[in-house]
Amino acid sequence: MKTLDLTVLSPEKEIFKGEATSVAVSTLTGDIEIFPQHAATLSVIAPGYLTIHREGQDSLKFFVSGGYVDVSKDVNIISDKIIDVADADNDFMQAEKERYQNILNNADDTISEQEFERAADHTARYDQLMG
């Protein structure tokens, strides 16, 4: 079975580096699953789940609060915050939602339109995830 070379990074550490059969991630334009030989793309990650599928092993599942996915020869995911899905409880999600809500509440002339829209999108996404 073909695999893709995947690297997942957070500001603190390398989360994963190795081969995967596919990786699923939420982006601002919807959920995507990347397979070997996927078309090149660069997408903004939305708050949601990241699942790494590996041949003959259990899948790895994480919660990501945002970042970027870059698909070229290799797949690189850079997340501003990533935790094991088992640790992504409602308290965590509420704290993340409040972080983005504070950006919206304290927006002034120094915040770009893009930053404001990202904070609004992420706040709405946390509402959906928390149901």
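This is a predicted model: local features need pLDDT of at least 70, side-chain atom pairs count only at pLDDT 80 or more; totals for chains, interfaces and linings use all residues.

Visitor: How many salt bridges does the count come to?

Guide: The count comes to five salt bridges.

Visitor: Start with Asp-31. Which side chain does it meet in a salt bridge?

Guide: Asp-31 meets Arg-125, with N to O at 3.6 Å. Asp-31 lies in strand S4, residues 30-34, and Arg-125 lies in helix H2, residues 113-130. The two are 94 residues apart in sequence, so the pair ties those parts together.

Visitor: Is Asp-31 buried or exposed? And what about Arg-125, buried or exposed?

Guide: Asp-31 is exposed, because its relative accessibility is 59% and the cut-off for exposed is over 50%. Arg-125 has a relative accessible area of 19%. That is under 20%, so Arg-125 counts as buried.

Visitor: OK, next. What does Asp-80 pair with?

Guide: Asp-80 forms a salt bridge with Arg-118, at 3.3 Å from N to O. This pair also links distant parts of the chain, 38 residues apart. Asp-80 sits in the loop between strand S8 (75-79) and strand S9 (82-84), while Arg-118 is in helix H2.

Visitor: How accessible are Asp-80 and Arg-118?

Guide: Asp-80 is partly exposed at 28% relative accessibility. Arg-118 is partly exposed too, with a relative accessible area of 29%.

Visitor: Now Lys-97. Which residue does it form a salt bridge with?

Guide: Its partner is Asp-127, and the closest N and O atoms are 2.5 Å apart. Lys-97 is in helix H1 (residues 90-105) and Asp-127 is in helix H2. They are 30 residues apart, and the pair links distant parts of the chain.

Visitor: What is the relative accessibility at each end, Lys-97 and Asp-127?

Guide: Lys-97 is buried, with a relative accessible area of 17%. Asp-127 is partly exposed, at 39% relative accessibility.

Visitor: Which residues do shared partners join into one network?

Guide: Lys-81, Glu-96 and Arg-99. Salt bridges that share partners join them.

Visitor: Switching to the surface. Which residues gather in a patch of negative charge?

Guide: The patch consists of Asp-84, Asp-87, Asp-89 and Asp-91.

Visitor: Take Asp-84. Where is it found?

Guide: Asp-84 is in strand S9. Its relative accessible area is 37%, so it counts as partly exposed.

Visitor: Contacts now. Where is Ser-43? And what does Ser-43 touch?

Guide: Ser-43 is in strand S5, residues 41-53. Leaving out residues up to four places away in sequence, Ser-43 touches Thr-27, Gly-67, Tyr-68 and Val-69.

Visitor: Is Ser-43 buried or exposed?

Guide: Buried, because its relative accessible area is 14%, and buried means under 20%.

Visitor: What does Ile-103 touch?

Guide: Ile-111 and Ala-119, again not counting residues up to four places away in sequence. Ile-103 itself is partly exposed, at 33% relative accessibility.

Notes: Residues are numbered from 1 along each chain as its sequence is written. Side-chain values use heavy atoms; hydrogens and water are left out. A salt bridge is a side-chain nitrogen of Lys or Arg within 4 Å of a carboxyl oxygen of Asp or Glu. Helices (H or I, at least four residues) and strands (E, at least two) are DSSP runs, numbered from the N terminus. Buried means under 20% relative accessible area, exposed over 50%, partly exposed in between (1.4 Å probe, protein chains only). Patches are made of residues with over 30% relative accessible area and no salt bridge: like charges are joined within 9 Å, nonpolar side chains (Val, Leu, Ile, Met, Phe, Trp, Tyr) within 5 Å. Accessible areas come from the Shrake-Rupley method with a 1.4 Å probe; for residues, only the protein chains shown count as cover. Lys and Arg count as positive and Asp and Glu as negative; His and the chain ends are not counted. The place of a charge is taken as NZ of Lys, CZ of Arg, CG of Asp or CD of Glu. Contact means heavy atoms within 4.5 Å.
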